[in-house]
Amino acid sequence: MFIRSISRLPLFARGLATHASPELTSLPAVLHLKSGQSFTGRSFGAPKSIFGETVFSTSITSYTESMTDPSYRGQILVFTTPLIGNYGVPNNKTPIDSQDVGVLLESQGIQCTAVVVADLAEKFSHHAAVESLSSWCHRHGVPGITGVDTRTITSLLRDQGTTLGRLAIGADASASAPEASEYWDPSEENLVDQVSTKTPYVLNPTGDIKIAVLDFGAKANILRSLVRRGAAVTVLPWDYDFNKVRDQYDGLFLSNGPGDPGHCMPAAMNLRKTMEQWDKPVFGICMGHQIIGMAAGLDAYRMTFGNRGHNQPVLALASSGSIKAGRVYVTSQNHQYALKLQDPFPQGWEPFFINCNDSSVEGIKSTPDSGKKVWGVQFHPESAGGPLDTIEV
Ligand SMILES: NC(=O)CC[C@H](N)C(=O)O
């Protein structure tokens with residue numbers, strides 16, 4: 001369908017067929033922060049006002065993957081990259097390969113509550129694009145604001161920390177800012193329970209290694225990465241007691257997920273028992289890593305503004321597989337909480353990676369003499385999108 005209109009394009013754009021976003025509305029929009037600042041722009045996507053937790057991401061690409069990552073549930077996502085939407089949105093049902101997990105992006109739909117961009121691309125161009133960012137947001141009932149100074153918003157969030165917000169659209173935009181008590185705080189809710197599978201299901205049942213996944217809001221590419229490595233993957237609800245079925249599996253994986261890991265204490269308590277009584281490999285990413293840490297006796301805390309982006313440098317403190325102690329790896333991240341670095345570490349555990357920017361714990365592992373094979377990383381080693389430095393951790 002791109003080809004049909006190509007002769008009407010200016011010469012410089014031939015071969016880069018572009019499409020306009022017809023759904024961009026000119027409704028007024030205001031982003032209010034609970035801390036008192038307001039930013040006025042224009043609305044796109046769904047003409048609907050919402051509350052959420054305002055966070056920023058320094059990713060320069062993959063807005064489609066970030067927005068469908070269940071870990072962004074409840075969040076108003078500010079992109080620091082100024083031009084967003086220029087490559088449109090692909091058909092989420094496009095198969096990737098024979099080991100497809102059903103969606104191209106990270107889940108069935110948009111997970112963040114709203115998006116904030118400096119400059120929405122009203123024209124998009126990509127061979128796989130089927131619609132504009134605005135049209136996609138509209139279809140999923142997700143509002144956006146464009147034409148605001150995302151540098152100022154990001155500087156504020158860096159200084160004051162992740163802040164509750166309200167995106168007011170249309171007539172709501174001329175109303176005064178909400179009272180402090182009206183802001184919705186998603187971290188008070190168990191968001192994991194909203195995104196986790198309700199019933200177990202199996203991917204690639206003929207795979208030769210049986211891995212159970214505790215689903216805290218797993219990204220599709222994590223499941224795909226396991227399937228691609230030949231695993232039969234059984235996805236279980238986040239609070240499923242794996243101890244009842246552990247004899248059937250060769251390994252346990254704990255996924256990423258939204259919100260405060262404190263809501264997942266029941267999973268950490270089940271996992272403590274698993275790690276005491278079972279010697280097969282256990283591994284976790286992001287929320288999964290935080291739960292492994294809590295089960296090991298470490299505390300999780302809320303960071304000021306978290307780490308979200310595809311350019312987070314981490315230093316390896318231990319060697320494992322292709323990872324070499326002393327090397328820095330560039331990683332993809334999306335988190336607000338982290339494990340506390342404590343000295344000494346709990347017996348049988350050691351820090352695995354540390355963040356080069358803020359010294360936060362980026363990974364933990366069981367010590368070689370502990371008799372366990374457990375490790376977790378705060379970053380996303382399978383990174384869609386992001387660098388592939390840690391793909392073989
Ligand atoms: N991506 C994730 O798994 C995030 C974990 C957790 N919700 C946090 O914000 O820290």
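A strand here is a DSSP run of E with at least two residues, a helix is a run of H or I with at least four, and both are numbered from the N terminus. Two strands count as paired if DSSP finds at least two bridges between them.

Residues are numbered from 1 along each chain as its sequence is written. Because the model is predicted, local features need pLDDT of at least 70 and side-chain atom pairs count only at pLDDT 80 or more, while totals for chains, interfaces and linings use all residues.

**Around strand E23**

Strand E22 (residues 361–366) runs antiparallel to strand E23 (residues 374–377), with 3 bridges between them. Within this pair, Gly363 has Val377 as its bridge partner. Val377 in E23 is also the bridge partner of Ile285, and E18 and E23 pair in the parallel sense over 4 bridges. In general, strands of a sheet pair through backbone hydrogen bonds, in a parallel or an antiparallel way.

Is E23 covered on its faces or open? Both faces are covered: Val374 and Gly376 are buried on one side, and Trp375 and Val377 are buried on the other. Buried means that 20 or more other C-beta atoms lie within 10 Å of the residue's own, with exposed set at 12 or fewer and partly exposed in between; the C-beta atoms are placed from the backbone. As background, side chains in a regular strand alternate between the two faces of the sheet.

**The open sheet and its helices**

E23 belongs to an open sheet of 10 strands, ordered E14-E16-E15-E17-E18-E23-E22-E21-E19-E20, with mixed pairing. Strand E14 (201–203) and strand E20 (328–339) are the edge strands, each pairing on one side only. From one strand to the next, the twist averages 25°.

Helix H5 (residues 220–228) packs on this sheet and touches E14, E15, E16, E17 and E18. Helix H7 (residues 287–296) packs on the sheet as well, touching E17, E18, E19, E20, E21, E22 and E23. Contact means that the C-beta atoms of two residues, placed from the backbone, lie within 7 Å. Axes are lines fitted to C-alpha atoms, for helices over the stretch in contact, and angles run from 0 to 180 degrees between N-to-C directions.

**The ligand shell**

Among the residues surrounding the ligand are Ser71, Asn256, Cys286, Met287 and His335; a residue is near a molecule if its C-beta atom, placed from the backbone, lies within 6 Å of it. Which strand gives the most to this shell? E20 does, with 4 residues. By class, the shell holds 5 nonpolar, 7 polar and no charged residues. Here Ala, Val, Leu, Ile, Met, Phe, Trp, Tyr, Cys and Pro count as nonpolar, Asp, Glu, Lys and Arg as charged, and the others, Gly among them, as polar.

**The barrel**

Elsewhere, 7 strands close into a barrel in the order E2-E3-E12-E8-E5-E4-E13, again with mixed pairing. In E2, 5 of the 6 residues are buried. Val30 has Ala168 in E13 as its bridge partner, while His32 stands opposite Ser38 in E3. The hairpin of E2 and E3 has 4 residues between the strands, and Gly36 there takes a positive phi near 115°.

| H5 | E16 | about 150° |

**Two domains**

The protein divides into domain 1 (3–187) and domain 2 (191–377), with bounds from an automatic or database domain assignment. Their centres, taken over C-alpha atoms, are 29 Å apart. In the interface, 23 residues of domain 1 are in contact with 28 residues of domain 2. On the domain 1 side, E4 supplies the largest share, 3 residues. That side has 9 nonpolar, 10 polar and 4 charged residues.
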